[in-house]
Amino acid sequence: MLGNILITGGSSGLGRAVAEAVAKEGGRPLVVDVRPPGNGVDHVLADVADRDRVERAVTELAGAAGGLDGVVTAAGIDACGRLEDVPAAAWEKVVAVNLLGTAATIRAALPHLTASGGRIVTCASTLGLRVLSDATAYCASKFGVVGLTRALAAELAGRVGVTLLVPGGMRTHFFDDRPDRYRPGPDAGLNAPEDVAAAVVFALSQPAGCEIRELVVCPATETSWP
């Protein structure tokens, strides 16, 4: 049994796929998102970039569920463009959601995860391992998630499991609002989010003492890896 799994960004994309996979495996998904999941899942509306709000959301969900057995930080945004062209507020929002929101969520959940001997799965990106022009905000945030997660794994070793998920492109609505030049082309090979979610559930399902430290899950023709 997976137990109670808190998922940020659980209303769409990879986060929604993870929530559905957790439920399918007998776990209880708990969603934090700016939009309701719309599928009857327990949730609290919160922007993970708002530290106080996300802390309250984690506390509320964990209290109602009787604790947490895992956290998956799938919330993420992007702001494409050259550094001088992306408004500073939009650039900083990407870092606030992707990196600082990840840290805030985990910080709030740690007392519950320590009590349960639970697990954390953070969501980086292949662009957390390799850079791409016009993606400074996204790369900065995801490189940060990689460093945060690796350090956290050392810090929590033996107490809380930590897995770094490094996904490539997926068939989600993540690209919908971008200009055409920043969207995957018609021939781009993208993974189904359900397949990536299965890898997340695999990491969450490991017995105590067995660590899946890092998972790179990308299309066979992924251009931004290695």
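## A buried aspartate and its partners

Asp-134 has a relative accessibility of 17%, so this residue counts as buried, the cut-off being under 20%. The model described here is predicted. The side chain of Asp-134 meets that of Arg-82 in a salt bridge, at 3.8 Å from N to O. Arg-82 sits in the loop between β4 and α3, and Asp-134 in the loop between β5 and α4, so their pairing ties together parts 52 residues apart in sequence.

Arg-82 is partly exposed, with a relative accessible area of 45%. Glu-84 also belongs to this group: salt bridges with shared partners join Arg-82, Glu-84 and Asp-134 into one network.

## Other salt bridges

How many salt bridges does the structure hold? There are 9. Side chains of opposite charge can pair when their charged atoms come close. One of these bridges joins the side chains of Asp-42 and Arg-28, with 2.8 Å from N to O. Asp-42 belongs to strand β3 (residues 42-45) and Arg-28 to strand β2, so this pair connects parts that are 14 residues apart in sequence. Both partners are partly exposed: Asp-42 has a relative accessible area of 32%, and Arg-28 has a relative accessibility of 33%.

Asp-47 and Lys-93 form another salt bridge, with their closest N and O atoms 2.5 Å apart. This pair links distant parts of the chain, since Asp-47 is in the loop between β3 and α2 while Lys-93 is in helix α3, 46 residues apart. Asp-47 is partly exposed, with a relative accessible area of 25%. Lys-93 is partly exposed as well, at 33%.

In soluble globular proteins, nonpolar side chains tend to be buried together. Here the largest nonpolar core has 28 residues, and those with the most contacts inside it are Leu-6, Val-32, Val-58, Leu-68, Leu-113, Ile-120 and Leu-156. At least two residues of this core come from each of β2 (28-33), α2 (51-65), α3 (88-116) and α4 (136-156). Helix α3 gives the largest share, 7 residues. A second, separate core has 27 residues, including Val-18, Val-41, Ala-199 and Leu-215.

Which residues does Val-32 contact, apart from its neighbours within four places in sequence? They are Leu-6, Ile-7, Thr-8, Gly-9, Gly-10, Val-44, Ala-46, Val-48, Val-54, Ala-57 and Leu-61.

## A serine in helix α4

Ser-141 is part of helix α4. Is Ser-141 buried or exposed? Ser-141 has 0% relative accessibility, so this serine counts as buried. When residues up to four places away in sequence are not counted, Ser-141 touches Val-94, Val-95, Asn-98 and Leu-99.

## Helix α5

Helix α5 covers residues 193-204, which makes 12 residues. From its first C-alpha to its last, α5 reaches 16 Å, close to the 16 Å expected at 1.5 Å a residue. An α-helix has 3.6 residues a turn, so residues three or four places apart point the same way.

The buried residues of α5 are Pro-193, Val-196, Ala-197, Ala-199, Val-200, Val-201, Ala-203 and Leu-204.

Technical notes:
Residues are numbered from 1 along each chain as its sequence is written. This is a predicted model: local features need pLDDT of at least 70, side-chain atom pairs count only at pLDDT 80 or more; totals for chains, interfaces and linings use all residues. Side-chain values use heavy atoms; hydrogens and water are left out. A nonpolar core is a set of buried Ala, Val, Leu, Ile, Met, Phe, Trp, Tyr and Cys residues joined through side-chain atoms within 4.5 Å. Buried means under 20% relative accessible area, exposed over 50%, partly exposed in between (1.4 Å probe, protein chains only). Helices (H or I, at least four residues) and strands (E, at least two) are DSSP runs, numbered from the N terminus. Contact means heavy atoms within 4.5 Å. The expected span of a helix is 1.5 Å times one less than its number of residues. A salt bridge is a side-chain nitrogen of Lys or Arg within 4 Å of a carboxyl oxygen of Asp or Glu.
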